[in-house]
Amino acid sequence: MTQAEKARDLTADPPVTKKPDVPRVRKARSILVYLSYFWLITVIVLAVFADLLPLASYSVPVGRPRQPPQFGSMDLLLGTDRLGRSILSRSVHGAQVSLMIGAVASLIGSAIGSCIGLLGGYFRKRLDSVVRLLSDTMLAFPPLILLMALTAVLTPGLRTLLLGLSVLIIPSFIRLARANTLAWSVREFVVAARNMGAGHGRIMIKEIMPNVLPPLLAYLPIVMAALIVAEGSLSFLGLGIPPPTPSWGGMISDGKDSIAMAPHMVFVPAAIIFCTVFSLNQVGDHLRSRFDRTMRD
């Protein structure tokens, strides 16, 4: 090869290499997640617009007692109870009670427990010891006995249920918020903010809380599911919402004596509770896998 040919080879453009075509990885989503979102949205919409739906009043008889589900009438679509009232109407209005209790109690309990856990995990030392002792003591107390004691001392009703269920979930959020705060409070950006002279309030609100909130919020649907089951259990025992206001647990309690003759009186509200609780757990797992950074780090 001559010197001229070598010079042309050195000055020639380098060969163009094609980048490998790597397909984008897409996470497979279960059909159960979509069905769960659809069920929850449907239940919430029906509960919100229950008074506008073309349904009879939940306290007025619409037919013979213990009629099985039948087509032809909207009020008789899911049958009637022992007093001839529409089970569909009572299920829709019962969703208002069950969902409101689950949502409000979980929000109150999570707010109180998260604040206590955040303070204990950030300041540590003696305050953390007191917080751990408080959460362990509350978790050691049997939850059903606590709820029954509150309903026995106070008048059974909506406020009593909200109080008891809110207290019941506080220790769980204390431990969850404390564990996440302990993990995030030693990160580099928190240490940098502390070295730059930032106060405790700013560090907790601006630096730690935005990272602690996502796993707590993703845990809320699972807690709501547990509270709906707890409310149904208390209503089944006669310690929940007093009649004639319907609730899913109270409907099961009303139909337990007629399960042999009219099983739909028990199976219909039980199926609604099952689908709602199952959907909330599916949504909670989905939200946690998407927003909880500790599962991706």
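Modeller: A nonpolar core is here a set of buried Ala, Val, Leu, Ile, Met, Phe, Trp, Tyr and Cys residues joined through side-chain atoms within 4.5 Å; buried means under 20% relative accessible area, exposed over 50%, and partly exposed in between, with a 1.4 Å probe and protein chains only. Helices (H or I, at least four residues) and strands (E, at least two) are DSSP runs, numbered from the N terminus.

The model is predicted: local features need pLDDT of at least 70 and side-chain atom pairs count only at pLDDT 80 or more, whereas totals for chains, interfaces and linings use all residues. Residues are numbered from 1 along each chain as its sequence is written, and side-chain values use heavy atoms, with hydrogens and water left out.

Leaving aside residues up to four places away in sequence, Phe-173 touches Gly-109, Ser-110, Gly-113, Ser-114, Leu-216, Tyr-219, Leu-220 and Val-223, where contact means heavy atoms within 4.5 Å.

Of its 297 residues, 40% count as buried. Among contacts with a separation of 6 or more, 69% are between residues 24 or more positions apart.

On the surface, Ile-31, Leu-32, Tyr-34, Leu-35, Phe-274 and Phe-278 form a nonpolar patch with about 610 Å² of accessible area together. Patches are made of residues with over 30% relative accessible area and no salt bridge, like charges being joined within 9 Å and nonpolar side chains (Val, Leu, Ile, Met, Phe, Trp, Tyr) within 5 Å; a salt bridge is a side-chain nitrogen of Lys or Arg within 4 Å of a carboxyl oxygen of Asp or Glu. Accessible areas come from the Shrake-Rupley method with a 1.4 Å probe, and for residues only the protein chains shown count as cover. Helix 2 (31-48) and helix 10 (264-291) each supply at least two residues of the patch, and helix 2 gives the most, with 4. Ile-31, in helix 2, is exposed because its relative accessible area is 56%. Phe-278, in helix 10, counts as partly exposed because its relative accessibility is 34%. Phe-278 and Leu-32 are 246 residues apart in sequence, yet 9.6 Å apart in space, C-alpha to C-alpha.

Most residues other than glycine have a negative phi. Arg-124, however, has a positive phi of about 60°; Arg-124 is found in the loop between helix 3 (87-123) and helix 4 (125-140). Lys-125, in helix 4, has a positive phi near 50°. Arg-124 is partly exposed at 33% relative accessible area, whereas Lys-125 counts as exposed at 73%.
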